[in-house]
Amino acid sequence: MSQFIIYPAIDMRGGKCVRLLQGDYDKETVYGDSPFDMAKQFDDQGASWIHMVDLDGAKEGKLVNHQHVIDAATKLSAKIQIGGGIRTEEDVEFYLSNGVDRVILGSAAISNPEFVKKMLATYGEKIAIGIDAKDGYVSTEGWLNTSNVKATDLGKELANAGAEVFIFTDIATDGMLSGPNVEAIVEMAKATNKQVIASGGVSSLKDLETLSEYESEGVSGAIVGKALYTNQFSLTEALKVGNPS
């Protein structure tokens, strides 16, 4: 029996830990000056994975805050997954050869599908596909643009190309503490028949418990950001949902 994994999130911008409201770069709150210190806190509290995002990288299309990621990957026991700004095989290889466990490819899945499929063929489960959706359609480039591609269609296509892990964000709920879009998350898990990590909107332990009930249908975990930073609940409490003892 696999377990439902809680992924505490660290979004990095300008070398600091921040949260954006609905992916809007003008709606930023700073929660800490050191991504590594934040990652260490999560690691000390028992996180098995930490989700890191290079927001500058996502916007600029290249690696920007990578040193913080490498520090966490090489010095902590928690596994690290990173997204944001990863556009080339060199970027992927750089992270994976420096201790990172999983690299997230997002916008590239729309703008450069052949690259994504090549990375899946080469690195398999070490690649996660980040699908950000708005009203069921894929949103790209740090959420600045919405495409005419259905999220579930993209999921199916990439699952067929070898994707094993998806991170699904419903933009309408992200950073809003309004509860996750469970229906859309489960729909993605059913469409792909793969692991889907839920992202966006988690505001309470009850939200995590609800998501964990769909673990057998493929919802393998949840990313938790703002709820931790605004003390809706502690990571220690959240981890008990993922691994009830």
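These legends walk you through a few close-up views of a predicted model. Residues are numbered from 1 along each chain as its sequence is written, and side-chain values use heavy atoms, with hydrogens and water left out. Local features need pLDDT of at least 70, and side-chain atom pairs count only at pLDDT 80 or more, while totals for chains, interfaces and linings use all residues.

View 1. Helix 8 spans residues 182-192; helices (H or I, at least four residues) and strands (E, at least two) are DSSP runs, numbered from the N terminus. Among its buried residues are Val-182, Ile-185 and Met-188, where buried means under 20% relative accessible area, exposed over 50% and partly exposed in between (1.4 Å probe, protein chains only). The buried residues pack against elements including strand 7 (127-134), helix 7 (151-160) and helix 9 (205-212), a contact being heavy atoms within 4.5 Å.

View 2. The whole structure holds 4 aromatic pairs: rings of Phe, Tyr and Trp (its six-membered ring) with centres within 6.5 Å, stacked if the planes are under 30 degrees apart, edge-to-face over 60 and tilted for the rest. Here Tyr-31 and Tyr-229 are stacked, 5.0 Å centre to centre with 25° between the planes. Tyr-31 lies in strand 3 and Tyr-229 in helix 10, 198 residues apart.

View 3. Phe-94 is partly exposed at 28% relative accessible area, whereas Tyr-95 is buried at 0%.
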